[in-house]
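Let's take a walk through this one together. Have the viewer open as you read.

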Amino acid sequence: MKKIYNKIIQITGNVITVSAANIKYGELARVSSEYGDSSLAEVIKIDGDRVHLQVFSGSSGISTGDEIRFLGHQMQVSFSDNLLGRIFDGKGDPRDRGPLLTESLIETGGPSVNPAKRVIASRMIHTGIPMIDVFNSLVESQKISIFTTAGEPYNELMARIALQAEVDVIVLGGMGLRFDDYLFFKDTLENEGALSRSVFFVHTASDPVVECLMVPDLCLAVAEKFALGGKNVLALLTDMANFCDALKEISITMEQVPSNRGYPGDLYSQLASRYEKAVDFEGAGSVTILSVTTMPGNDVTHPIPDNTGYITEGQYYLNNGRIEPFGSLSRLKQLVNKKTREDHRPLMDALVRLYAYFEETMEKKSMGFRMSPWDKKLLQYGMLFELELMDLSVNIPLEQALNRGWEILAECFLPEETGIPTKLTDKFWPEEMRKSNEKGKAHQE
Amino acid sequence: MENQGRIIGINGNVVTIEFEGTVRQNEVVYAVLDNTYLKSEVIRIKGNRAEIQVFDNTKGLKSGDKVKLSGKLLSVKLGPGLVGQLYDGLQNPLRQLAEKSGYFLERGKYITALAEDKKWDFTPCVSHGDRVRKGDAVGSVPEGMLMHKIMIPFYLSDQYEVIEIAQPGSYGIQEQIALIKNKKGNRIPVKMCFNWPVKKAITAYKERLSPTEPLNTGIRIIDTLFPIAKGGTYCIPGPFGAGKTVLQQITSRYAEVDIVILAACGERASEVVETILNFPKLIDPHTGKSLMERTIIICNTSSMPVAARESSVYTAVTLAEYYRQMGLDVLLLADSTSRWAQAMREKSGRLEEIPGEEAFPAYLESVIAGFYERAGRVRLKDGNIGSVTIGGTVSPAGGSFEEPVTQATLKVVGAFQALSKERADARRFPAIGPLESWSRYKGFIDTPTRKYILKTLAHANEIEQMIKVVGEEGTSLEDYVFYLQSEFFDNVYLQQNAFDPVDAATPENRQKRVLDLITGILKKWLQFRDKEDARKFFNRLRQTFLDYNTSTWKSDSFYECEKKIQAMVAERSAPFPETLLSHISLAAIEPDMNSTLKRSEKAFEHESFQKEPWDNIPENEENL
Ligand SMILES: Nc1ncnc2c1ncn2[C@@H]1O[C@H](COP(=O)(O)OP(=O)(O)OP(=O)(O)O)[C@@H](O)[C@H]1O
Ligand SMILES: [Mg+2]
């Protein structure tokens with residue numbers, strides 16, 4: 001019972017209005033021109049018999065005489081293992097040369113998980129990156145974003161985490177992705193043999209803006225379904241700022257009153273309904289969401305990173321090609337870092353605290369103040385810390401990263417200067433360092 | 001005949017209907033989607049049209065679909081069995097819902113809030129012929145560790161005579177346990193449960209009292225410097241990651257109250273999950289029972305329907321008022337009130353109302369004020385005293401306190417615990433900024449001490465700013481030591497380790513003892529060779545003090561650490577140099593009475609300064 005109309009009464013922005021009856025809110029329609037090209041559209045408002053639709057491919061070129069065929073269902077995506085290894089666009093159509101999938105369709109944007117059916121996250125995802133593993137551990141079922149700016153190697157970082165993480169399925173959602181970056185992801189995963197356990201939904205910078213809005217929903221509907229089937233899924237969303245900008249565009253078209261810098265008042269709820277899809281299901285698999293949020297003007301108070309930070313369980317600040325120890329936060333780390341190694345937490349705290357002192361010393365130094373012996377120690381420490389732990393090229397397992405932390409401390413300080421409980425320094429302080437330090441101390445006195 | 005309406009427009013979760021007959025503002029109506037009924041609330045009426053907000057996803061609704069009007073206001077069910085529950089914003093029990101429909105919150109699935117098959121041991125407290133009014137108890141049932149009073153429903157406004165009362169025994173909540181009649185002779189059956197509209201405050205008490213009794217949280221910086229009071233209100237604003245949720249979690253564990261109601265309003269589901277899975281395992285230090293036995297969770301997390309998010313805070317405060325009517329102290333913690341305000345903003349936007357600042361509705365302030373007004377300490381008709389204390393977090397956009405929700409909240413609350421990003425980044429937890437926060441309430445620490453500490457911190461902050469400009473070399477040893485002393489105080493007293501079993505909460509008697517010890521140190525004249533010497537000394541003192549903080553109260557190591565601290569300080573203390581007395585007094589009074597201090601001043605009113613801080617300089621070691 002498909003309903004066909006061919007009288008468009010209004011076109012503004014990417015929204016068209018038709019006069020039609022018995023149309024469901026959220027229903028999809030196909031808008032076809034006389035030349036045969038067509039686009040999907042979704043009902044976003046009903047006002048009596050006036051039905052407003054958002055056209056995925058944009059309204060450009062749409063004629064008032066185009067045919068509108070209502071499909072009677074909402075946005076859907078095919079779900080089966082056939083998805084693996086495939087690449088789709090923001091409408092869910094194949095971007096690779098593979099066949100169109102139409103079996104077992106599922107609706108996107110489904111209901112949220114009952115909190116009573118969630119379990120507490122408890123498994124750490126090892127990335128080989130000390131700034132993550134040691135300082136802000138990534139946890140299965142976490143939702144976390146990389147806060148960064150254009151030009152930083154965020155997609156490289158993401159691909160690297162995806163490859164290191166031992167997950168069953170990788171779902172990549174690209175929004176406004178540059179074509180080069182799309183190829184980069186594809187080639188990297190392919191070369192590492194990970195493409196066969198991945199699904200891509202990619203909207204590139206040259207695709208119509210509205211299609212970008214569908215990407216997170218497609219990805220997360222598929223991810224959720226895999227997780228219900230017992231798989232541990234990692235969903236990568238890059239770049240959520242483009243998603244937010246698309247929301248802004250559509251809300252302005254709909255003449256909604258903007259709240260902050262033009263962004264709609266429901267930006268928080270819109271983002272939350274996506275990010276909250278991250279979940280550890282009781283008795284099944286999990287969905288972990290790692291996203292990229294580029295911050296306009298590197299301003300964390302901008303509505304996009306601001307709303308994101310209030311929703312996600314932490315963020316990694318990627319700045320100057322490094323993950324900053326300050327501002328970066330994994331809110332779930334305390335759920336996993338107590339059972340890694342007994343020295344993990346106190347060592348992590350000490351390393352960061354000393355690095356903070358180092359930054360203060362750098363400030364003093366830049367103002368030309370005299371460097372005390374303590375300051376000199378801090379300077380040496382800061383340099384080693386940046387080189388041997390912070391640098392993104394460092395790729396070592398957690399255990400080794402912790403040992404390296406102790407070595408750096410021992411090279412620069414006496415145990416009691418670190419503020420780590422004596423019980424632990426007795427156990428972990430590298431032996432040779434202890435001796436040479438003691439000698440040094442005796443010598444001083 | 002049932003009133004009905006039809007859908008004529010849909011804009012997100014706001015739906016326009018055309019109706020016949022009468023409709024009430026805030027009435028519950030149901031949008032009919034095939035065989036499911038989507039609960040909604042009337043939010044605006046114009047002629048024969050009304051706008052309703054649907055508490056569920058509206059996808060699939062059509063123009064012309066039916067809407068059923070219930071004639072009832074949005075209400076919650078009050079009765080035994082609320083404690084320990086996990087509800088959504090509309091009081092659907094989520095655990096039971098999960099049993100029925102599995103992983104997801106499916107649309108249109110509602111379950112009654114209180115189990116009807118459960119039996120409660122009822123003991124009557126009135127007899128035939130007694131006169132009763134709304135709110136009077138007719139008996140009680142044990143609910144976990146508390147005595148749940150069965151009261152005359154609050155909507156019955158007459159005076160009544162008891163004509164039947166149930167024998168002691170087991171009853172379900174729907175069974176009649178009393179029969180009362182009014183002057184006209186109308187007979188009204190009374191059950192153990194009844195409904196009450198969430199947006200209406202319960203006022204069946206004798207009088208409102210002022211919030212003069214401190215509510216101890218076990219968090220030192222709060223109890224000592226920015227106390228909250230039973231029946232008072234406070235807010236915790238702070239940027240993301242500053243520690244609002246963790247602070248509320250700690251408060252919900254250790255606060256000395258009878259009932260804690262947690263309203264998880266538009267925040268992360270995972271945080272609620274931690275609470276629901278951990279609380280049953282945690283023991284309430286005051287009662288020895290599981291924490292869940294004094295907790296109710298109202299959970300409308302960020303991806304759950306936005307309209308229900310708006311109702312959730314009202315659901316929570318109504319339950320709080322209900323237990324207050326039993327003479328209990330109830331603490332309501334709402335995280336985050338900004339999400340509630342945003343839900344209002346979304347609604348207002350869809351209604352196309354004229355927006356105020358940052359697109360929030362013009363009535364934002366009055367609605368926020370109205371919510372916090374529902375806190376209060378009251379004397380009930382039976383002479384008992386009960387209280388509802390409300391603490392709300394605020395998540396200011398961009399982390400700036402200048403935004404509308406923070407500002408509107410500041411106008412109405414009695415205490416302000418401002419979380420600072422700098423303190424959180426420096427891992428100084430709880431990250432309450434001592435120089436920005438204030439409280440109008442009196443705590444258990446005397447006012448001169450509180451004032452002395454705030455001024456000391458303010459002065460130390462000035463020195464710190466100066467050190468940043470002129471460097472350590474340019475700072476006098478006295479100033480530097482003063483700064484180290486205050487920094488030491490911050491480290492070992494204001495900061496508290498939430499993950500340490502002992503340090504996580506400090507009861508009143510311990511706080512008093514530790515504070516005495518530490519203010520003694522602050523007021524000491526300590527001698528050092530140079531700044532390096534001073535820095536090292538305070539590092540060691542800090543380490544010992546941290547051990548002291550994590551030692552069990554009055555254990556051997558507690559006393560050992562205390563002695564060690566006293567000895568360390570004694571070794572360095574010297575007679576107070578005459579010439580420097582002025583320096584200390586300066587520290588205590590000179591910093592301009594900045595505005596935050598002035599607001600705390602309210603609490604200091606009527607308390608004259610018999611003692612100036614420098615009067616407290618101990619004469620001999622025993623005073624330390
Ligand atoms: N008292 C504390 N002790 C130790 N760590 C803390 C404390 N408070 C907060 N933290 C750390 O800060 C993180 C963020 O805290 P929290 O989730 O309470 O922030 P928030 O202010 O509620 O943020 P949001 O507004 O995004 O919800 C925690 O995960 C924890 O790592
Ligand atoms: Mg929070």
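B:K381 counts as partly exposed because its relative accessibility is 34%, where partly exposed sits between buried (under 20% relative accessible area) and exposed (over 50%), with a 1.4 Å probe and protein chains only. You'll find B:K381 in the loop between strand 25 (376–379) and strand 26 (385–394) of chain B; strands here are DSSP E runs of at least two residues, helices are H or I runs of at least four, and both are numbered from the N terminus. Along with B:R131, B:R133 and B:K183, B:K381 forms a positive surface patch. A patch takes residues with over 30% relative accessible area and no salt bridge, joining like charges within 9 Å and nonpolar side chains within 5 Å; a salt bridge is a Lys or Arg side-chain nitrogen within 4 Å of an Asp or Glu carboxyl oxygen.

A quick word on the ground rules: this is a predicted model, so local features need pLDDT of at least 70 and side-chain atom pairs pLDDT 80 or more, while totals for chains, interfaces and linings use all residues. Residues are numbered from 1 along each chain, chains are lettered from A, and side-chain values use heavy atoms, without hydrogens or water.

On to the cysteines. With a disulfide taken as two cysteine sulfur atoms within 2.5 Å, the count over all chains is 0. A:C244, for one, has its nearest cysteine sulfur, that of A:C212, 9.1 Å away, and A:C244 is buried at 0% relative accessible area. Over in chain B, B:C299 is in no disulfide either, with the sulfur of B:C265 nearest at 10 Å; B:C299 is buried too, at 0% relative accessibility.

Finally, step back to chain A: 13 helices and 23 strands, with 58% of its 445 residues buried.

Terms used. Areas by Shrake-Rupley, 256 points an atom, 1.4 Å probe, with all protein chains shown as cover. Lys, Arg positive; Asp, Glu negative; His and termini not counted. Charge placed at Lys NZ, Arg CZ, Asp CG, Glu CD.
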